[in-house]
Amino acid sequence: MAALSIVKYGDSVLETKCEPVTSFGTLELRKLVVDMFETMYVARGVGLAAPQVGVSSQLTVIDTSSGEDPSKQLVLINPTIVKREGSQIGEEGCLSIPGFREDVRRAAHVVVRAKDIDGNDIEVEGEELLARALQHEIDHLHGILFLNHLSPLKRDLIRRKIKKLQKAGDW
């Protein structure tokens, strides 16, 4: 297992729609998934999408137990949200945008269809934190960041702060 480098805001891979995964069950795919979980745990996240480690593939890993309960580990390949219900507002952050957290409105309940690591069809239902994580990570696969869900004013404020950090060499 090896922790990968997390790509930070400003890298174009984060705002690019990812390619579908077409090859399942391979050693490379399995290694990437293991490395992504390791990277996510080291960074204390609950979800990590492939573009966040520089891979433009429709793959995400999620574990809302932060590694405490292995049965909570989800691997979603080529996921699609097929049902959204209700509404929730909660604080979100992103491993690719460290140090920034804002309230984001999301569906309270979602149903997601995807493939597992071997290419089998799976369906995942999520509420509360899991619903939020599913929506956040699937957004990543479409080049959408949580910043896109903020008001233009809040988004511009964060972008300006990040530009200052970049100029100072702290990003």
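The largest pocket has a lining of 21 residues, and Val46, Glu92, Gly93, Cys94 and Arg101 are the ones nearest its centre. This is a predicted model, in which local features need pLDDT of at least 70 and side-chain atom pairs count only at pLDDT 80 or more, while totals for chains, interfaces and linings use all residues. Residues are numbered from 1 along each chain as its sequence is written, and side-chain values use heavy atoms, with hydrogens and water left out.

**The pocket**

- The space in the largest pocket comes to about 360 Å³. A pocket here is an open set of points on a 1 Å grid over the protein atoms alone, where a 1.4 Å probe fits and protein lies on both sides within 12 Å along at least five of seven lines; lining residues have an atom within 4 Å of a point. Points are joined across faces, edges and corners, and the volume is the space filled by probe spheres set on them.
- Strand S4 (88-92) and H2 are the elements that give two or more residues to the lining of this pocket. H2 supplies the largest share of the lining, five residues. Helices (H or I, at least four residues) and strands (E, at least two) are DSSP runs, numbered from the N terminus.

**The sheet**

- Five strands form an open sheet in the order S1-S2-S3-S6-S7, with antiparallel pairing. Two strands pair if DSSP finds at least two bridges between them.
- Strand S1 (47-49) and strand S7 (121-127) are at the edges with a single partner strand each, so one side of each has no neighbour in the sheet.
- From one strand to the next, the twist averages 40°. Angles run from 0 to 180 degrees between N-to-C directions, with axes fitted to C-alpha atoms, for helices over the stretch in contact.
- S3 and strand S6 (residues 109-115) run antiparallel and are joined by six bridges. Isoleucine 77 has lysine 115 in S6 as its bridge partner, and arginine 84 stands opposite valine 110 in S6.
- Seven bridges hold S6 alongside S7, again antiparallel. Arginine 113 is partnered by glutamate 123 in S7, and valine 110 stands opposite glycine 126 in S7.
- Five of the seven residues of S6 are buried. Buried means under 20% relative accessible area, exposed over 50%, and partly exposed in between (1.4 Å probe, protein chains only).

- Contact means heavy atoms within 4.5 Å.
- Helix H2 (residues 128-141) lies across S1, S2, S3, S6 and S7, and runs at about 125° to S7.

**The nonpolar cores**

- The largest nonpolar core has 15 residues, and Val33, Met36, Leu59, Val61 and Val75 have the most contacts inside it. Such a core is a set of buried Ala, Val, Leu, Ile, Met, Phe, Trp, Tyr and Cys residues joined through side-chain atoms within 4.5 Å.
- Helix H1 (27-42), strand S2 (59-62) and strand S3 (74-85) are the elements that give two or more residues to this core. H1 gives the most, with six residues.
- A second, separate core of 14 residues includes Tyr9, Val13, Leu14 and Val104.
- Not counting residues up to four places away in sequence, methionine 36 touches Leu4, Leu48, Ala49, Ala50, Val53, Leu59, Thr60 and Val61.

**Two buried loop residues**

- Isoleucine 117 sits in the loop between S6 and S7 and is buried, with a relative accessible area of 15%. Leaving aside neighbours within four places in sequence, isoleucine 117 is in contact with Phe24, Gly25, Leu29, Arg30, Val33 and Ile77.
- The C-alpha atoms of isoleucine 117 and isoleucine 77 are 7.1 Å from each other, although these residues are 40 residues apart along the chain.
- Serine 96 belongs to the loop between S4 and strand S5 (102-106), and counts as buried at 0% relative accessibility. Beyond residues up to four places away in sequence, serine 96 touches Ile6, Val7, Lys8, Tyr9, Leu14, Gln52 and Trp171.
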